[in-house]
Amino acid sequence: MNLLDVKNLFVEYKTSSPTSGEKTVYAVSDLSLCVKKGEVYSIAGESGCGKSTFIKAVLRLIPSKSGEINFEGNDILKMDKKALKDFRCKAQMIFQNPYASLNPKMTVFDTLKEPLEINFKGLKKEDYISKVKEIAKSVGLKDEDLKKYPHEFSGGQRQRIAIARALILKPALVFADEPVSALDVSIQGQIINLLNDLKSSLGLTFVFISHDLNVIRYISDRVGIMYLGEMVEEGLVEDIFSNAKHPYTQALLSANPNSETEKIILQGELPSPLNPPAGCKFHTRCSFAKEICKTQKPKTTYFSDDHYAKCHLFT
């Protein structure tokens with residue numbers, strides 16, 4: 001069953017400067033994906049490819065130009081204020097930087113109680129206390145930690161607090177945007193294992209973003225590879241890491257320090273979303289590019305029910 005189903009999503013916004021005037025940023029282009037209930041769906045790609053923009057669009061933190069975003073069968077883009085508030089109880093976010101995402105003036109208890117107060121105003125004081133203690137314990141925090149402020153914790157502990165805040169409303173879907181990239185390497189494994197444990201114990205579904213392909217390989221069920229606002233390849237984690245088809249996916253995997261394959265050096269920088277290339281957007285950096293790549297968008301080629309790539313090499 002698909003918990004989240006995104007179809008032909010476009011996200012564009014305007015930017016302006018005194019010298020160049022108003023321009024359009026093509027942040028997400030014709031993106032479609034589905035997230036199955038109970039899985040970890042990871043999105044990988046270079047900085048600036050639209051991963052975080054996609055999440056913000058799903059949560060309706062930014063407007064979408066067109067497309068459908070269905071959650072439990074209901075189109076998020078058509079929800080009124082009440083329906084949107086209910087949806088946001090069921091879909092929560094873990095931010096990248098726990099140093100910036102927590103209010104330094106609030107204790108841990110107040111931080112975790114606040115979502116309950118906003119969404120469940122009829123709860124008694126003892127209910128607030130029991131729910132806060134329960135979620136704090138599940139992420140490895142002690143009762144005495146609830147009286148402390150964020151500055152009294154390490155980075156890993158702060159991220160545990162942020163995770164608890166995201167989960168206290170018992171969401172069905174959790175977006176994790178680079179949740180370990182701001183942490184020491186020694187702590188990253190602990191947080192990833194915690195997320196895995198919580199997924200199993202609470203029946204969570206994750207959309208996970210990371211630059212670290214080792215993390216993605218460890219935690220994911222399925223992986224989508226994103227390039228300049230488009231999904232260029234998608235498959236089960238073993239398909240992507242053992243049988244990658246798209247040249248961009250192969251280049252990303254070869255850049256992994258643990259990769260045993262020959263390094264693929266991409267030419268040039270990621271093109272600007274202000275002026276994306278025509279045809280296949282990757283053709284300006286692809287060593288396999290043909291004339292057709294410069295003018296025509298590649299069609300989707302399926303290698304199995306769960307594995308596809310968009311590349312003229314297969315059409």
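Author: Strands of a sheet pair through backbone hydrogen bonds, either parallel or antiparallel. Here β10 and strand β12 (residues 307–310) pair in the antiparallel sense, with two bridges between them. Within this pairing, E234 has Y308 of β12 as its bridge partner. Please keep in mind that the model is predicted.

Reader: Which strand is joined to β10 by six bridges, and in which sense do the two run?

Author: That strand is β9 (residues 222–227), and the two run antiparallel. Y227 has E230 in β10 as its bridge partner. The hairpin of β9 and β10 has two residues between the strands, and L228 takes a positive phi near 50° there.

Reader: Is strand β10 mostly covered or mostly open to solvent?

Author: In a regular strand the side chains alternate between the two faces of the sheet. Strand β10 (residues 230–236) is mostly covered, with six of its seven residues buried.

Reader: Let us turn to a single residue. Where is K281 placed, and is K281 buried or exposed?

Author: K281 belongs to the loop between α10 (247–254) and β11 (300–304). Its relative accessible area is 6%, so K281 counts as buried, the cut-off being under 20%.

Reader: What does the side chain of K281 reach, and with which side chain does it make a polar contact?

Author: The side chain of K281 reaches the backbone oxygen of L228 at 3.1 Å. It also makes a polar contact of 3.4 Å with the side chain of E230. Leaving aside residues up to four places away in sequence, K281 touches S29, Y227, L228, E230, P271, P276 and K297.

Reader: How many cavities of 30 Å³ or more does the structure hold, and which residues line the largest cavity?

Author: There is one cavity of 30 Å³ or more. The largest cavity has a volume of about 70 Å³. Its lining includes H246, P247, C280, F282, H283 and C286, and also F288, A289, C293, C311, H312 and L313. By class, this lining has nine nonpolar, three polar and no charged residues.

Reader: How much space lies in the largest pocket, and which residues are the closest to its centre?

Author: The largest pocket holds about 450 Å³ of space. Its lining comprises 17 residues, of which R88, A91, Q92, M93 and L169 are the closest to the centre. At least two lining residues come from each of α2, β6, α4 and α6 (155–167), and α4 supplies the largest share, five residues. The lining of the largest pocket divides into 10 nonpolar, three polar and four charged residues.

Notes
Residues numbered from 1 in each chain as written. Predicted model: local features only at pLDDT ≥ 70, side-chain atom pairs only at ≥ 80, totals over all residues. Heavy atoms only, no water. Helix = DSSP H or I, 4+ residues; strand = E, 2+ residues; numbered from the N terminus. Buried < 20%, exposed > 50% of the residue type's maximum accessible area, 1.4 Å probe, protein only. Polar contact = N/O pair within 3.5 Å; in protein donor to acceptor, adjacent residues only side chain to side chain. Contact = heavy atoms within 4.5 Å. 1 Å grid on protein atoms, 1.4 Å probe; cavity = no way out; pocket = protein on both sides within 12 Å on 5 of 7 lines; lining within 4 Å. Points joined across faces, edges and corners; volume = space filled by probe spheres on them. Nonpolar A, V, L, I, M, F, W, Y, C, P; charged D, E, K, R; others polar. Pairing = 2+ DSSP bridges.
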